[in-house]
Amino acid sequence: MRRLTTVLILAAMALAAGSSSAAASSRPPISIGVAPSKLQANLVPGQHYTTDLDLYNKGASPVAVDVYLQDYSISSDSAVVFSQPGTLATSAAPWSTLSTDVLHVPARTRREVRLSVDVPQTAAIGTHTLAVVFRSRQTNTDGTVEYRPAVASLMAAGVQNPDGSGLVLRGRAVTRSVDVSWIGLSDVWHASDHTGALMDWLFHPTVTANVEVQNTGNTFFNIIKGGTAFTTSFAIGDRGQLVTAPSYTILPDSVRTVRMSWTGAPTLARGSAATRIYYNDTSYLPVQPASYTVIPWHLFTVVGVPLVLLVGWRVVRRRRRHRGSRGGGRSAAPSPWMSTGAGG
Amino acid sequence: MRLTAVAACALLVGGCLLLPAAARATNLIANPGFETAGASGTMFSDTLPDMAAWQVTSGNYTLAGGSITSQGSGSSDDLAVVRNSQDYQDGTLTLTAVPLAVAPQLTGGAVVRYQDANDFYLCGLTKNALVVQRRLAGNDQTIASTSYSPAAGSSYALTATATGTSISCKAVGPGGATATATATDGSFASGMIGVGAINSNPSQTRQMRFSQPVTMTAAGPESWSGLTVAAGRPGMILDHVAPANSGASYLQLFGGSGTFAGYSQQASIAAAGGSSYTLTAAIRTDAVSGSARVLAIESGGTTTTLASVSGTTAWTVYSTTFVTQPGTTSVTVRLRLDGSGRASFDDLALAITPSVSLALSVGSVDFGSVDPLSSPFAQALAVNATTTSNTNWALSVQGTGNFADGTGKTFPLGRLGWRVNGSGASFTPFTTTAQSVATGAANTPAGTGTPLDFQLQVTYADPSSSQPFQTTLTYVATTP
C-alpha cells in the first residue's frame, strides 16, 4: 500500500509539472500551407529538374519550419505513410536536394524552397516518388503532448526513355460494395437540428459505392473527373444522383478505395451504381455497375413495433372483454368503460 | 511539356484494351495544343499606311495613299512579301490590283506560298487572262488560266486561295465581271504572302498598283480568339509547318516591325478568387525584337506574366504559379507578341495549383495531474485541426516516440488514444506510423475542422519521475 501511494504521488508530480489541470495550451495557433502540394513530372535519365515550392505562414506569429525529404506511400484509405528517404525502391530522394533545410517565415508571408532532382543515367524506368515535408519547429515545453503541424508536397516523377517510351499506364477499377447506412440515434441526439437529424434517421440513408482503383502500370495517373451515377428502378424519394469522384493520384502498384456517397438517398429503393473513373479528359476505367437495395428496417421497426403493440393490446383487451362478459365474477377489477352487470 | 505533363502512354484496361492517353490534371484551357482548327478569320490585314510589314525581295515598290505601285522596269520582277509570314499554308489572300498597263508581258497579282524570289505561286492578271502561275527554280509556268479582259486603270479584286494542292485565283472587275482559275500543284506547301508584278518586256516600263486592304484569312484555332491588333499590322497563323512542341499544330504570331503588337486569347475562363493557379506554356521565338509573352489576366485586371521571351529560342516550357485576387471570377489567357519576329505558342495549361494548409487550434495539451488509480484521463477537444485545400486532402497523425521524461524513463506512446470528437468511437492508440485521421474534398477557403478527443491511460507498471513526461505528435496534411 505504501508502494502504491508513492507511485501515485510520483506519477502525479511527473505529469502535473507546470500545470495542475488538464488543459489545452493557449499558445497562438500555427497555420502553415504549401503550394503546390502535388508535383508531377515526366523525366528522362540524366535530366536535371528544378521546381519551387511555396511555404505559407498563414498565422499571426512567425514560425520556424524544418524542410526535409521523405519517402512516402499511400494506403488504400488515403493515409500518407512517410518513411526515411531512400528506403523505398522507387525513392527519388537520393537524387534530390533542397535549397534549404529550415525556413523562418514571418507571419502571413511565404518563403520559397527550390527542389532539384538530378535523374541518374541508371535510373529505372517507372515512377519514382518523394515527399518534401515542411514541419513546424515551434515547440511548447509545458504540455504533456506537443503538437507539430506539417504539410507535405508529394512528388511523383515518371522516368521514361529519352524517346518518350517506357511508361505504361494501366489500371482497373472494381466496385467492391455499395453500402446503405443510416445515421445513428446518437447522431440525432448530438445534432444541433434534432428534427432534421430525426428525419434523416428515419427517411434519408446514405448510399456509398466503394470502388477500388488499382494501378497496375509503372506510371501514376490522376483521377481527374468522373464518379458514380446512382440510379433507381424503384424509389420512394429521390430518383438518382451523380456523385463526383475525388481527385486522387494513384501510384503504381497501389490500390485506393474511392468512396462516392449519395446522401439523402431514397427511403425505399432498388437501383444500381455505375462508376466511371477518368484518367484524362476522355478516357476512363470501366467499372461494372453494382446494384443496391434500400430497405428502412428501422423505420419498419419504429412504425411496426408500436403497431404490433397496439394490435396486441387491442386483441388482449378484446379477449379480456370477452372473458369478462362470459365469466362474470373472475375480473380482478372492474373496468371503468364497461359494466360488470353485477352492480346494484 | 516534358517537365509538367504526364507521358502520353497507353492504358491497358483489364489487360485487353489499349487506350492512348495522357493522364494529367484538369486543364481549364480548351484546345490547349491548338490541334483543332476553328472558323476562318482575318489573320493579317494591312491598310498600307506604310510598308513596315513588307519586305521587297525583288525590284521596287513606291507607296502612296494606301497603295503600292510596282516599279515596272523593263524585264524585271517586283516582288514584295509580308515579312515573317512564311508559315502560311492554307488560306485566302485578297487585295485590289490595278494594272496600269495591259500587255501579255505583264502579269501581276497576289503571291502565295512564296519561298524565295525563284519559287512561289502568283494569282495574276495578264492580257486577256486570269492565271495561276508557278515560278519554280526561277522558271515561270502558267498552271491554270481562264479568259478575262482586264483593262488598264481599272480595279480588280483578286482572291488567291491555297488549300492543300489546290491553288485558286478569282478576279472581280468593274461591273462584277468575274473569272476563276484553279490549278492543282504540290510544288510548295507553305510560304509567305505578298504581291508581285512580272514585266518580261525588256523595253517598256509596265506597272501594277495594289491597293489596301491586303487581307489574309485562314482557319484559326478553335476556342481561341482571332488576331487582335494592338499596334501596327501583326499577323497570326495556325501553324503546322515547323515541329510543334507536341502534336502537329501550334499558334504563331508574327510582326514585321518593332512597333507592331498583337495577340490571341481565350477569355472568361472560370476561376475562383483567392486560389492558386499554375499557368504553363511552351514558347519558341525566332528573331523576336520585343517579347513573346503569355499573360493571365484576371477579371479584375490583375495580370500575371508567364514569360517574356525575346531573340531566338527553341521550344521551352515555362510555368508559373499565381494566386488570384479575392474578387476574381474568371481569367483570360493571352498570347502576345510585341515587336518583329515570330513567336510560337503550344501546350497551354491553366490548372488549379494543388495546395494544402493545416492550422492547429493549440500547440500542445497538458494532462496535468494523473495517476493510475483515476486513469484513464479524457481530454475532450484536445486539438482542432483545420485542413484547407483546393483538392482532395488527407490529414494524418503520427507520434515521434514514447513518452519520455528526459532522464531515460519512458512509457508507451500507445497509452495515449484519440478519436474524432462526437464520433462516439473508441479511442485509437497513437503510433509512430501515420494514421489517417480525416479525408475530405476541396474546401477552400473555409477549411474543415477535425476536433479530436484524447485519452491517456497510465498504469502502475509505468515509471514515475520528478520530471514531466512528454511526447510529440505530428499532424500532416497532404493531397494524396
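How many helices and strands does the secondary structure of chain B come to? I counted 0 helices and 36 strands. Helices here are DSSP runs of H or I with at least four residues, strands are E runs of at least two, and both are numbered from the N terminus.

**Ground rules**

I am working with a predicted model, where local features need pLDDT of at least 70, side-chain atom pairs count only at pLDDT 80 or more, and totals for chains, interfaces and linings use all residues. Residues are numbered from 1 along each chain as its sequence is written, while chains are lettered from A and ligands numbered from 1 in the order in which they are written.

**Confidence**

I looked up pLDDT, the predictor's confidence in each residue from 0 to 100. Chain B averages 91, and 95% of its residues score at least 70. Residues 1-23 of chain B fall below 50, and this stretch has 68 contacts in the model beyond near neighbours in sequence. A contact means that two C-beta atoms, placed from the backbone, lie within 7 Å. For the complex, I noted an ipTM of 0.80 and a pTM of 0.70.

**Burial and contacts by chain**

I call a residue buried if 20 or more other C-beta atoms lie within 10 Å of its own, exposed if 12 or fewer do, and partly exposed in between, with C-beta atoms placed from the backbone. By that count, 41% of the 344 residues of chain A are buried. In chain B, 50% of the 480 residues are buried. I also checked contacts between residues at least 6 apart in sequence: 72% of those in chain A join residues at least 24 apart, and for chain B the share is 73%.

**A sheet across both chains**

Which strands make up the open sheet of 9 strands? I traced the order β7(A)-β9(A)-β4(A)-β2(A)-β26(B)-β28(B)-β35(B)-β32(B)-β33(B), with antiparallel pairing. Strands pair if DSSP finds at least two bridges between them. β7 (96-98) of chain A and β33 (428-429) of chain B stand at the edges with a single partner strand each, so one side of each has no neighbour in the sheet. Within the sheet, I followed β4(A) (residues 48-57) to β9(A) (residues 109-118), joined by 10 bridges. There H48(A) stands opposite D118(A).

**Strand β25 of chain B**

I found 11 of the 12 residues of β25(B) (residues 341-352) buried, so this strand is largely enclosed by the rest of the structure. It pairs antiparallel with β20(B) (residues 250-255) over 5 bridges, where L251(B) faces F345(B). It also pairs antiparallel with β22(B) (residues 276-298) over 9 bridges, and there L279(B) stands opposite L350(B).

**One residue: A197(B)**

Is A197(B) buried or exposed? I found it buried, because 33 other C-beta atoms lie within 10 Å. A197(B) sits in strand β16(B) (residues 192-199).

**Nonpolar cores**

A nonpolar core is a set of buried Ala, Val, Leu, Ile, Met, Phe, Trp, Tyr and Cys residues joined through C-beta atoms within 7 Å. The largest has 107 residues, and those with the most contacts inside it include F134(A) and Y475(B). Strand β11(A) (residues 145-159) gives the most to this core, with 10 residues. Apart from it I found another core, of 88 residues, including I29(B) and F188(B).
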